[in-house]
Amino acid sequence: MVTAASKNVRKYTWTHKFQHYRRTRRPYPVRTIVTRSQCKTSSCFFERLPSEVFDMILDRLSVLEISVFSMVSKTISGYIMDYISTLAWKNKMITQSFHHSTCPYEQHSTIGHYKALGLLFKRCTLLLPTKDRLKFIYSKFSQVPCFMLEQCAAAGCLGFSSYGVFLQTLIAGWDELECHRVFNFLCDFTNLPHKIELVVTGKPGGSCYQELQLRLFCRQVLLDPWPSRQDSVFWLSRILKPWPMVSQARLLFILYGPLLPDSTLGWQELVRRELPHSALWDLVRAVLLLHGNLNAQAWTTDTVLAVLEELTVVPQEWHVENVARLLVLCGNSLCYSVLASKALNRRLLEISRLIVYIILVCEKDGYRMNWAVKIVQQVCQVFNTTAEKFFFIQSLENMFSEVIMELYEAGNHHEDMGSFQTLCSLLNSSAHFHTRILHMFLKKE
């Protein structure tokens with residue numbers, strides 16, 4: 001009994017002490033987390049600073065550092081937008097000198113600066129609708145003459161290149177609908193459609209300065225800065241598609257045609273004489289860009305062939321060797337498509353002359369003659385009957401003789417050494433071509 005009573009006393013004492021401890025102990029402190037959205041109500045450190053001190057801090061930061069800082073909170077982003085809207089900051093950071101000498105370091109520094117500006121405006125306007133973002137940016141860049149069409153005539157100006165890098169950085173990752181809005185905004189901002197209309201409806205070469213300005217703006221701002229083909233096709237399609245086929249061809253020539261040493265377009269050069277492949281390479285890249293994007297609804301094989309057909313008669317019918325060299329550079333698929341289209345329309349004389357010059361280009365530029373033989377084989381299969389194939393081969397052989405006589409007479413009458421050299425190349429190409437043809441038939445037997 002004593003033992004049981006002692007146990008009850010001890011149990012009562014322990015329970016009483018535990019309950020007293022629970023009543024008297026201090027509660028654990030409650031831990032709270034402050035989110036960015038709650039920053040305004042909880043008075044972040046930077047928000048409690050006087051505006052003058054905050055501006056002094058921003059003055060010490062680089063453009064790239066300010067762009068990162070703008071993502072801290074919505075309030076900070078608003079402060080930074082006000083800061084970069086000041087005339088002092090604009091004069092210091094946006095209105096740069098774009099007329100450097102040939103110093104590569106200064107040019108690279110300017111391009112890098114505008115890439116950083118693109119990141120800054122991308123990040124600090126992140127919460128704004130696209131239309132408001134573009135208006136805000138326009139208000140800062142609209143007064144820079146080197147960003148505007150026909151406002152700066154200085155040779156080697158970096159204005160368009162800097163603007164292109166800025167724009168590419170700003171809208172990288174935007175969806176197609178937003179990019180459409182950007183293009184429409186740029187058209188309104190620069191009056192681009194009206195300027196295009198003036199040059200594509202006027203006399204070729206009649207407005208040299210306007211043609212060059214349009215070329216530089218479209219290439220350096222809209223087309224060249226993009227690393228991917230898909231982006232380049234998007235912007236090139238936006239530029240070309242509003243216009244009829246003839247105007248598209250002229251616009252392609254303005255954007256990618258050969259430039260003369262005096263920075264004017266060589267409209268007549270492709271008509272008067274043969275040009276090396278380097279003069280045609282930009283045009284080839286543009287055509288292949290469109291032809292390689294046939295998955296899109298905007299371009300089909302027929303539309304590309306139609307544009308190419310119009311291109312080779314701008315401003316007049318090109319020298320045949322230039323047409324042949326363009327097709328050779330475009331590769332097997334596009335070259336065959338052009339020749340097959342002419343074959344289906346029974347344009348035998350035209351296709352025969354073009355093939356003769358394709359064979360000549362292969363000889364001059366060092367391409368394998370097997371390639372020309374295979375092209376002739378493929379075109380031959382377009383004709384259905386044996387008689388049609390015979391007439392095609394006969395027309396091709398007769399054209400060899402005709403072109404040889406033309407070159408011989410041109411060299412004799414005008415004492416033109418270039419014509420004699422071309423004649424020698426054509427005779428060599430004819431020998432190599434027919435050797436390959438005969439070798440192909442002998443292998444079959």
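The structure is a predicted model, in which local features require a pLDDT of at least 70 and side-chain atom pairs count only at pLDDT 80 or more, whereas totals for chains, interfaces and linings use all residues. Residues are numbered from 1 along each chain as its sequence is written, and side-chain values use heavy atoms, with hydrogens and water left out.

The secondary structure of the protein chain consists of 22 helices and 0 strands, assigned as DSSP runs (H or I over at least four residues for helices, E over at least two for strands) and numbered from the N terminus. The accessible surface of the chain amounts to about 25,000 Å², and carbon and sulfur atoms contribute 56% of this area; the areas were computed by the Shrake-Rupley method with a 1.4 Å probe, and for residues only the protein chains shown count as cover. Of the 445 residues in the chain, 43% are buried. Here buried denotes under 20% relative accessible area, exposed over 50%, and partly exposed the range in between (1.4 Å probe, protein chains only). Among contacts (heavy atoms within 4.5 Å) with a separation of 6 or more, 69% involve residues 24 or more positions apart.

In soluble globular proteins, nonpolar side chains tend to be buried together. A nonpolar core is defined as a set of buried Ala, Val, Leu, Ile, Met, Phe, Trp, Tyr and Cys residues joined through side-chain atoms within 4.5 Å. The largest such core contains 133 residues, of which Phe121, Leu192, Leu222 and Trp235 touch the most other members. Helix α19 (residues 348-365) supplies the largest share of this core, 10 residues. With residues up to four places away in sequence not counted, Leu222 touches Leu167, Phe183, Leu186, Leu192, Phe217, Trp235 and Ile239.

Ser67 is located in helix α3 (residues 63-69), and its side chain makes a polar contact with that of Arg123 at 2.9 Å. A polar contact is a pair of N or O atoms within 3.5 Å; within protein, one atom must be able to donate a hydrogen and the other to accept it, and residues adjacent in sequence count only if both atoms are side-chain atoms. Not counting residues up to four places away in sequence, Ser67 touches Leu119, Leu120 and Arg123.

Salt bridges, defined by a side-chain nitrogen of Lys or Arg within 4 Å of a carboxyl oxygen of Asp or Glu, number 15. One of them joins Glu269 to Arg273 with an N to O distance of 2.9 Å; Glu269 is buried at 16% relative accessible area, whereas Arg273 is partly exposed at 42%. Another salt bridge is formed by Arg347 and Glu309, whose closest N and O atoms are 3.0 Å apart. This pair links distant parts of the chain, as Arg347 lies in the loop between α18 (332-344) and α19 and Glu309 in helix α16 (residues 301-311), 38 residues apart. Both partners are partly exposed, Arg347 with 27% relative accessible area and Glu309 with 34%. A salt bridge at 3.2 Å, N to O, is also present between Glu402 and Arg353. It connects helix α21 (residues 386-414), which holds Glu402, with helix α19, which holds Arg353, across 49 residues.

The structure holds 24 aromatic pairs. Rings of Phe, Tyr and Trp (its six-membered ring) pair if their centres lie within 6.5 Å; planes under 30 degrees apart count as stacked, over 60 as edge-to-face and the rest as tilted. Phe141 and Phe166 form a tilted pair, with 4.5 Å centre to centre and 40° between the planes. Phe141 belongs to helix α7 (residues 130-141) and Phe166 to helix α8 (residues 159-171), so this pair ties together parts 25 residues apart in sequence. Both residues are buried, and both are members of one aromatic cluster that also includes Phe98, Tyr114, Phe121, Phe136, Phe147 and Tyr163.

Most residues other than glycine have a negative phi, and most peptide bonds are trans. Val314 and Pro315 are joined by a cis peptide bond with omega about -5°, and Pro315 lies in the loop between α16 and α17 (320-330). Glu150 has a positive phi near 60° and is placed in the loop between α7 and α8. Arg346 likewise has a positive phi, of about 60°, and is found in the loop between α18 and α19.
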